[in-house]
Amino acid sequence: MGKQTELTADKDNNALIQVQNLAKYFPVDDGRRRRVVAWVKAVDGISFAIQRGKTFGLVGESGCGKTTAGRTIIRLMEPTHGTVLFEGKDIHSLKGQELKAIRRDMQIIFQDPYSSLDPRVPIGKSISEGLQIHAIGTKRERRELVMEMLCKVGLEPYHAGRYPHQFSGGQRQRIGIARALALRPKFIVADEPVSALDVSVQSQVLNLLKDLQEEFDLTYLFIAHNMNVVEHVSDRVAVMYLGKIVELASREELFGRSLHPYTQALMSAIPIADPEVRRERIILSGDLPSALNPPCGCRFHTRCPIAVDHCSVEEPLLNEIEPEHHVACWLVN
Amino acid sequence: MTQTGSSDHTALQPLLQVKDLRTHFFTRDGVVQAVDGVDLTIQHNEIIGLVGESGCGKSVTALSIMRLLDHPGRIVSGEVTFDGTSILDLSEREMVDLRGSRISMIFQQPQSSLNPIFSVGEQIAEMFQIHQGMHKAAALDKAISLLCEVGIPDASTRAKSYPHQMSGGQAQRVMIAIALALNPELLIADEPTTALDVTVQAQILDLIRDLSRRINTAVLLITHELGVIAEMADRVAVMYAGRILETAHTKDLFAKSSHPYTQGLINSIPVLGKVEKRLNVIPGSVPNLVELPDGCRFAPRCQARREYDLEICNEQEPDLVLIGNGHKVRCWLHQSSEGRQVPLATDGGNES
């Protein structure tokens with residue numbers, strides 16, 4: 001039997017980010033008066049740590065809470081409860097100058113490069129906006145830094161004066177990356193950074209993210225729904241389902257020997273680009289239940305191919321089944 | 001409801017033949033050559049995959065076959081022959097009869113393809129009422145049994161639901177029920193699973209494959225995902241900038257892809273269980289369809305061209321030539337006309 005790790009999962013001193021029992025609920029009102037009638041538990045108590053210079057992959061289907069988790073972790077949203085430690089500091093208790101200072105260290109890259117850039121602002125200005133807010137350098141130095149950033153992400157300095165609509169999707173994603181990098185952050189949340197891109201461009205952006213990580217010693221939280229992309233970039237991976245982490249392990253462990261039935265189903269559902277490979281597929285029945293009214297007990301039991309009676313009664317905790325391999329399932333121990 | 005029209009002369013002629021189809025969009029910025037000389041043959045009962053990146057013309061090819069193009073798009077030239085009749089010569093009235101009953105189509109966004117103000121049952125029943133003159137009550141009964149067939153639980157209650165009450169996966173099931181209601185001979189599925197989650201995608205792909213096999217429907221499956229092609233299609237056509245660059249049996253395409261673009265696409269996908277430090281890339285991005293390069297459309301991004309230092313790629317466009325059993329490729333590396341011997345890409349060991 002593994003020991004319980006609900007709160008202390010992955011506790012480590014070398015961690016840049018420590019997420020502890022983080023939860024984010026959204027209120028649902030009754031439509032007429034502002035009376036809260038229910039809560040959508042988008043993220044419901046997740047814990048993990050991200051090591052300096054590493055990539056932590058957060059994977060799951062739409063609506064599982066991975067984007068909310070990413071945004072709460074860098075305090076674009078306030079959590080309902082739980083803490084996030086950045087270099088040991090609780091970022092949700094910071095105020096004023098301290099908060100502003102820490103925001104420099106945490107940046108985000110969004111999924112949709114079309115809607116995340118202001119269409120009426122030349123991209124050079126979008127990139128330098130953060131520098132301006134944090135009063136870094138003179139106007140001239142800022143301009144030079146923008147040029148340098150553009151070169152780093154594979155664009156040309158003369159692109160700075162152009163507007164977003166003049167770029168392709170892949171180029172816009174590079175602009176989004178340059179904008180995030182301009183402040184020289186330590187930590188970047190990459191929220192589905194390649195899922196809006198064409199296949200041939202995806203690999204370019206993934207390689208770029210890897211190169212930049214080495215050059216600037218970046219730590220990534222990489223959020224995606226695509227298992228093969230996550231495997232390619234991540235050092236550690238957590239699989240989310242309806243606001244909870246169901247499995248958390250190193251990349252080798254998770255992709256080599258996944259233990260949770262949901263992880264196994266996710267992997268077997270990925271179409272493999274090789275017609276010679278024939279696998280035993282686990283096809284889940286039904287859709288993702290609503291986070292407004294999640295199933296009781298284990299949230300996955302309604303779709304689980306191996307669920308037993310007990311699964312619908314009591315919720316399994318995330319247990320360390322093997323060193324550094326955490327699973328939340330009654331049938332795995 | 002079985003329609004037996006054409007299955008007798010299966011061997012004689014293909015179900016659908018597209019010859020040199022050109023569909024252009026006449027915009028203010030110039031003529032967009034979205035589809036520019038596409039040839040495509042679909043046999044009875046086969047699943048053919050059409051793969052390519054966004055903007056390569058795969059959806060416009062499908063809409064041209066259905067004759068559903070909107071202004072400013074127009075079919076400029078070419079032939080589309082469906083079961084012996086030329087689709088482009090039909091009147092709009094005849095086309096309406098054909099759509100839904102013999103050729104049907106499903107789209108990427110099931111929620112927005114359904115009518116929000118009618119229940120899904122009514123929308124399925126409509127097929128029987130319009131095409132077969134059935135009465136509403138009988139048509140609704142058939143709709144419910146169809147909902148069962150596409151795997152919607154509690155079908156008689158769900159038939160009364162409206163599209164917004166259904167999840168993406170369920171809405172796509174309803175679309176499939178509508179599309180396959182009258183046992184069409186051809187189903188065009190345009191990115192049917194792109195908007196869905198992976199676990200739901202697997203369900204929908206299985207449903208399309210099983211149902212189409214059972215009612216003998218050929219499928220033109222349009223997707224940008226090679227994984228979907230590998231699992232579903234019998235044959236594949238790879239499209240790029242309005243042209244087909246390579247076509248082959250699915251096995252051959254993955255085992256011995258011959259066009260540098262196809263090779264690049266296959267090699268640039270991260271493979272589960274095979275971690276590499278860097279991914280292979282195709283440099284650059286898809287060309288602007290208004291100002292296409294003179295020679296081969298892929299030449300500006302082609303690494304094989306650079307490696308072999310081929311001048312001709314920038315000057316003249318290669319033809320789609322046969323290089324193996326049903327395997328055709330449009331690339332100068334594989335054309336040896338008039339004594340012009342060009343090295344083959346596959347034996348040079350240059351694939352990374």
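Helices (H or I, at least four residues) and strands (E, at least two) are taken as DSSP runs and numbered from the N terminus. The model described here is predicted: local features need pLDDT of at least 70, side-chain atom pairs count only at pLDDT 80 or more, and totals for chains, interfaces and linings use all residues. Residues are numbered from 1 along each chain as its sequence is written, chains are lettered from A and ligands numbered from 1 in the order in which they are written, and side-chain values use heavy atoms, with hydrogens and water left out.

In chain A, nine helices and twelve strands are assigned. The radius of gyration of chain A, 21 Å, is close to the 20 Å that the globule rule gives for 333 residues, so chain A is as compact as a globular protein of that length. Here the radius of gyration is taken over C-alpha atoms, and the globule rule is 2.2 Å times the number of residues to the power 0.38. Along the principal axes, the C-alpha atoms of chain A fill a box of roughly 65 × 55 × 45 Å.

Of the 333 residues in chain A, 55% are buried. Residues are classed as buried under 20% relative accessible area, exposed over 50% and partly exposed in between (1.4 Å probe, protein chains only). The accessible surface of chain A is about 14,600 Å², and carbon and sulfur atoms account for 49% of this area. Such areas come from the Shrake-Rupley method with a 1.4 Å probe; for residues, only the protein chains shown count as cover. Contact means heavy atoms within 4.5 Å. Among the contacts in chain A with a separation of 6 or more, 65% are between residues 24 or more positions apart. Chain A carries 41 positive and 41 negative charges, whose mean positions are 8 Å apart. In this count Lys and Arg are positive and Asp and Glu negative, while His and the chain ends are not counted. Each charge is placed at NZ of Lys, CZ of Arg, CG of Asp or CD of Glu.

A:R104 is part of helix α2 (residues 96-105) and counts as partly exposed, with 33% relative accessibility. Apart from neighbours within four places in sequence, A:R104 is in contact with A:H134, A:I136, A:L183 and A:P185. For A:R104 and A:L183, a sequence separation of 79 residues goes with a C-alpha to C-alpha distance of 6.0 Å. A:F216 belongs to helix α6 (residues 199-216) and is buried, at a relative accessible area of 18%. When residues up to four places away in sequence are not counted, A:F216 touches A:M149, A:K152, A:L181 and A:R184. The C-alpha atoms of A:F216 and A:R184 lie 7.7 Å apart, and the two residues are 32 apart in sequence.

In chain B, 13 helices and twelve strands are assigned. Chain B has a radius of gyration of 21 Å, close to the 20 Å that the globule rule gives for 352 residues, so chain B is as compact as a globular protein of that length. The C-alpha trace of chain B spans about 70 × 50 × 45 Å along its principal axes. Buried residues form 53% of the 352 residues in chain B, and the chain exposes about 15,100 Å², 48% of it supplied by carbon and sulfur atoms. Of the contacts in chain B between residues at least 6 apart in sequence, 64% join residues at least 24 apart. The mean positions of the 31 positive and 42 negative charges of chain B are separated by 2 Å.

The domain assignment divides chain B into domain 1 (15-102 + 182-283 + 326-331) and domain 2 (116-180); domain bounds come from an automatic or database domain assignment. The centres of domain 1 and domain 2 of chain B, taken over C-alpha atoms, are 27 Å apart. Contacts between these domains of chain B involve 20 residues of domain 1 and 13 residues of domain 2.

Most residues other than glycine have a negative phi, and most peptide bonds are trans. The peptide bond from B:H71 to B:P72 is cis, with omega near 5 degrees, and B:P72 lies in the loop between α1 (58-66) and β4 (73-82). B:D83, which is not a glycine, has a positive phi near 50 degrees. B:D83 is located in the loop between β4 and β5 (85-86) of chain B and counts as buried at 14% relative accessibility. B:E191, also not a glycine, has a positive phi of about 50 degrees. The loop between β7 (186-190) and α8 (198-214) of chain B contains B:E191, and B:E191 counts as buried at 7% relative accessibility.
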